[in-house]
Amino acid sequence: MGLLSKKDSKLIVDPLTDNNPITIQVLGICSALAITAQLKPSIVMAVSVLFVMGVGNVVISLMRNIIPSKIRIIVQLIVVATLVIIVDQVLKAYSYALSKELSVFIGLIITNCIIMGRFEAFALGNGPWRSFLDGIGNALGYGVILIIVGFFRELLGSGTLFGFKVLGDPVEKTGLYAMGYENNGFMVLPPMALIVVGLIIWVQRSRNKALIED
Amino acid sequence: MEHIELFFKSIFVDNMVFAYFLGMCSYLAVSKKVSTAVGLGAAVIFVLSITVPLNWLLDQYLLQEGALAWLGEEYASYDLSFLSFIMFIATIATMVQLVEIVVEKFSPSLYNSLGIFLPLIAVNCAILGGSLFMQSREIETLGLALNYGVSSGIGWFLAILAIAAIREKIRYSAVPPALRGLGITFIITGLMAIGFMSFGGMLTGGDEPVKNEEKTAIIEKEIEKEQVDTETEVSLVDNLTKEKE
C-alpha cells in the first residue's frame, strides 16, 4: 500500500486479529451482544461505531493539547454524545424502523468502552492521521465480530440472512427443511450471543497460543 | 402493587446484565474477586438510584415534547428530546464527580470502599442504559423512577456477585487452556442468562387479566358503535317515511 507506511497499516490490521477490541481487549461488549440477533442491525451498528470512532478520534486528537487532564472524561463524553446524536437523527430520518429496533443501543454507543478506551489510550497521545487510522481499525475489528455473531445467530436461529430465506421455507418444507432440518430458536434469544462470542474467543485462542491467559 | 411488580421485574426479568448486556465491560473486568465485585455493585446501585430520578425530572420538565409548558404558552410546542443523550451523560458525569466529593467529605470509610470504583462508573453503560430505558419505557412518576433505578442496580449487583463467586471457584477447575479467563466467563454468563430467562414467566400471570379487560372494553365500544349505527339508521328510515307521507 503506497498510501500507508508499514507502521500505519499495522494500526488497521492489528485490531482485526491479534488485538481485537472485543475478544482480546474486552471492550464494547454491551452493544455487541444485544443487537446481533440479525445481520442487518449488526451491520448498521458497526457502521455507526465506525463513523463515531473515526471522527471522534480525530477531534480528540486535534484537541489533545488544550484539554485539561482533570476534566478530559467529560470533554470526551460530550464529543461522543454529539456524534451519536448525529447518527441517531440520521437513522431516525432515513430508517425509522431500524432505529426503533436498535432502541437505546444507539445511545449506548456513548458509553461504549471501545470509544473511551481508544480516546484515552491512543488519541490523547498521537496525531490526527494516526488516530484516524487507529479509530477505523478498532471499529472494523469490532464490526467483524458483530457481523460474525449476527451471521450465525440469524442463519441458525431464523434460517435467513438479511431477511432472505437462504435455507428454504420452513412452512412449505423446501430446501434444507425438506430433509427434516429445524431452526434453532434458541439462537435468537439473548444468552446465545454470549455463548457465540465465547466460542469465537475459544477458536481464536486455540489458533494463536500466545493469547492464552493463565 | 405497581411498585412491587416493577421492583421484581427490573431485578429478575429485565436484568441489566442477563437480558440487555448493560455494563458488561466492567462486569467482566472487575469480577475476578468477590470483594471488589461487591464494591462496584454497591457503587452502581448508589449512582443509579441518584441519576435515574434526576434524569426523570430532566426528561419531564425539559426534554420531552411539550415539557417546557411550565415556562409559558409559547414554549409548549418545543421538543428537545434529541438533546437527551448529551443531557443524560452530562448529568451522570457531573453527579458521579459530585457524589465522589460528597462521599469523601462526609464518609471517608465509604469513600475508601467505593472510591476507586466511582470514576469507572461514569462510563458504565448500565448507568446511561438505566436512564435511557427509563425514558423509552415512559415511567410515570418520580417514585417509580427511583424504584426502577434502585431495583435495576440491585439486579446488576446480583449478577456481578454471582459471576465473581463462580470465577473464584473455577480457578481450581480443569478448563481447556484456550477457554481460560475470558472465554469461559462468557459461556458461564450465557448459561446464567438462560437460567434467568426462567423468571420471564413470573409476571405474565398478572398481565392476562389486563388484556382481557382491554378486549372487553374494545368489544363494548364496538357494541356501542353498532347501537349508534342502528339508531341513525332508524332515524333515517323515520325521515324517509315522513318524507313519503
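UniProt places the feature "transmembrane region" (unreviewed entry) at residues 43-62, 74-96, 102-119, 140-164 and 184-203 of chain A. UniProt positions are given in the numbering used here, feature names are shortened, and annotations may be inferred rather than shown by experiment. This is a predicted model, in which local features need pLDDT of at least 70, side-chain atom pairs count only at pLDDT 80 or more, and totals for chains, interfaces and linings use all residues. Residues are numbered from 1 along each chain as its sequence is written, chains are lettered from A and ligands numbered from 1 in the order in which they are written, and side-chain values use heavy atoms, leaving out hydrogens and water.

**Annotated spans**

- In chain A, residues 74-96 are 96% helix and 0% strand, with 30 Å between the end C-alpha atoms. Helices (H or I, at least four residues) and strands (E, at least two) are DSSP runs, numbered from the N terminus.
- Residues 102-119 of chain A are 67% helix and 0% strand, and their end C-alpha atoms lie 25 Å apart.
- For chain B, the UniProt "transmembrane region" annotation (unreviewed entry) covers residues 6-30, 37-58, 78-103, 110-133, 145-166 and 178-199.
- Residues 6-30 of chain B are 76% helix and 0% strand, with end C-alpha atoms 28 Å apart.
- Residues 37-58 of chain B are 100% helix and 0% strand, and 31 Å separates their end C-alpha atoms.

**Helix α1 of chain A**

- Helix α1 spans residues 6-13 of chain A, and A:D8, A:S9, A:L11 and A:I12 are buried there. They sit on the same side of α1(A), because they cover an arc of only 140° around the axis. The arc is that of the directions from the helix axis to the C-beta atoms.
- Buried means under 20% relative accessible area, exposed over 50%, and partly exposed in between (1.4 Å probe, protein chains only).
- A:K6 and A:K7 are exposed on the other side of α1(A).
- The cover over the buried residues of α1(A) includes α7 (113-123) and α8 (128-158) of chain A.

- B:V17 belongs to helix α2 of chain B. Its relative accessibility is 0%, so B:V17 counts as buried.
- Beyond its neighbours within four places in sequence, B:V17 is in contact (heavy atoms within 4.5 Å) with B:L22, B:M24, B:Y27, B:W156 and B:A159.
- B:V17 and B:I160 are 143 residues apart in sequence, yet 8.5 Å apart in space, C-alpha to C-alpha.

**Positive phi in chain B**

- B:F21 is not a glycine, but its phi is positive, near 55°. B:F21 lies in the loop between α2 and α3 (24-29) of chain B. B:F21 is buried, at a relative accessible area of 1%.
- B:E138, also not a glycine, has a positive phi of about 55°. Its place is the loop between α8 (125-136) and α9 of chain B. B:E138 counts as exposed, at 60% relative accessibility.

**Cavity**

- On a 1 Å grid over the protein atoms alone, a cavity is a set of points where a 1.4 Å probe fits but cannot get out, and lining residues have an atom within 4 Å of a point.
- The count is one cavity of 30 Å³ or more. The largest cavity has a volume of about 30 Å³. Grid points are joined across faces, edges and corners, and a volume is the space filled by probe spheres set on the points.
- Its lining consists of B:D14, B:M16, B:Y20, B:F133, B:R137, B:Y148 and B:S152. Two or more lining residues come from each of α2 (16-20) and α9 (142-170) of chain B.

Terms used
1 Å grid on protein atoms, 1.4 Å probe; cavity = no way out; pocket = protein on both sides within 12 Å on 5 of 7 lines; lining within 4 Å.
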